[in-house]
Amino acid sequence: MTDTSDARSDARTPIGRRTVLVATGATAATLAVGAVAATDSPTTEAPATAPVAAAAVCTLTREMTEGPYYLDGQYVRSDISEGKAGIPLKLTLTVVDDDTCAPLGNALVELWHADALGEYSGFVGNNGHNEPDNGTFLRGGVLTNSSGVAAITTIYPGWYRGRCVHIHVKVHTNVTLTADGSFTGGQEIHTGQLFFSETITTRVAAVSPYATNTVTRTTLAQDSIYDDGGAASGLLTLTALGSSTSAGYAGTLTLGVEQG
């Protein structure tokens, strides 16, 4: 896996839809209270507090490359970890309309990312490691609730050659859930990536099993995709879940999309 593969994909994919990311801060922290503890169901429960995303200031940003490792037909589920070894990561992503900042309910937020050794399910071996590959680990999505919140449990991603630590994200509307636990149809209205603080990634990289990934790690500043735009470019707000790095992190971000 190299940065050139993602860069080539970026060149092939026209960026035709407007997308915004709204800086989170207190907005995401309020929403996270009721969303982080969601159970493994297709739709997360609404937080107890009233939605506050409409009061935020929207900031336009570009979409980012899908990359070469996307697979169709993944499961609709709020826990995508499948028992993979790694530091827990509890994500709370809030989807809003870019024109009004109103929460967008019943949208499917889909994620996929590498494991601690930098390997993607369906493509294991591309980062030099030999491990079981079922084509589904660290992939899947969840429907947003009426407050636009999607709560997804996973692990902190690893890294591979030429790319900083990141998670890929898509937002779909009007999908149909299928009997096998997946989804079909609908409209894809956003493709982007989520990024992580270098300070926290450095701590994570020193902990097992990440420490056994001997591939040279690309930093945010060195990455060919991340444009140093902070939350407006997908940089998550991370909060420790405990007193040690191994206890994991909560990650929040408000993602605005243009419908239609």
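User: Where does N127 sit?
Analyst: N127 is in the loop between β4 (108-112) and β5 (139-143). Helices (H or I, at least four residues) and strands (E, at least two) are DSSP runs, numbered from the N terminus. This is a predicted model, where local features need pLDDT of at least 70 and side-chain atom pairs count only at pLDDT 80 or more, while totals for chains, interfaces and linings use all residues. Residues are numbered from 1 along each chain as its sequence is written, and side-chain values use heavy atoms, with hydrogens and water left out.

User: Is N127 buried or exposed?
Analyst: N127 counts as buried, because its relative accessibility is 1%. Buried means under 20% relative accessible area, exposed over 50%, and partly exposed in between (1.4 Å probe, protein chains only).

User: What does the side chain of N127 reach?
Analyst: The backbone oxygen of W159, at 3.2 Å.

User: OK, on to the strands. What order do the four strands of the open sheet come in?
Analyst: The order is β5-β4-β7-β10, with antiparallel pairing. Two strands pair if DSSP finds at least two bridges between them. The edges are β5 and β10 (187-195), each of which pairs on one side only.

User: How many bridges join β4 to β7?
Analyst: Five, with β7 covering residues 166-173. As an example from that pair, E110 has K170 in β7 as its bridge partner.

User: And β6, how many of its residues are buried?
Analyst: Seven of the seven residues in β6 (149-155) are buried, so the strand is largely enclosed by the rest of the structure. V149, A151, T153 and I155 point one way, while A150, I152 and T154 point the other way.

User: Which strand pairs with β6 over seven bridges?
Analyst: That's β3 (residues 88-97), in the antiparallel sense. P88 has I155 in β6 as its bridge partner.

User: Switching to helices: which residues of α3 are buried?
Analyst: In α3 (residues 198-205), the buried ones are I200, T201 and V204. Seen down the axis of α3, they fall within an arc of 100°, so they line one face of the helix. That arc is taken from the directions from the helix axis to the C-beta atoms.

User: What do those buried residues of α3 pack against?
Analyst: They pack against β11 (237-240) and β12 (249-257), with contact meaning heavy atoms within 4.5 Å.

User: Last one: which residue caps the N-terminal end of α3?
Analyst: S197 does, with a side-chain oxygen 3.2 Å from the backbone nitrogen of T199.

Note on methods. Polar contact = N/O pair within 3.5 Å; in protein donor to acceptor, adjacent residues only side chain to side chain.
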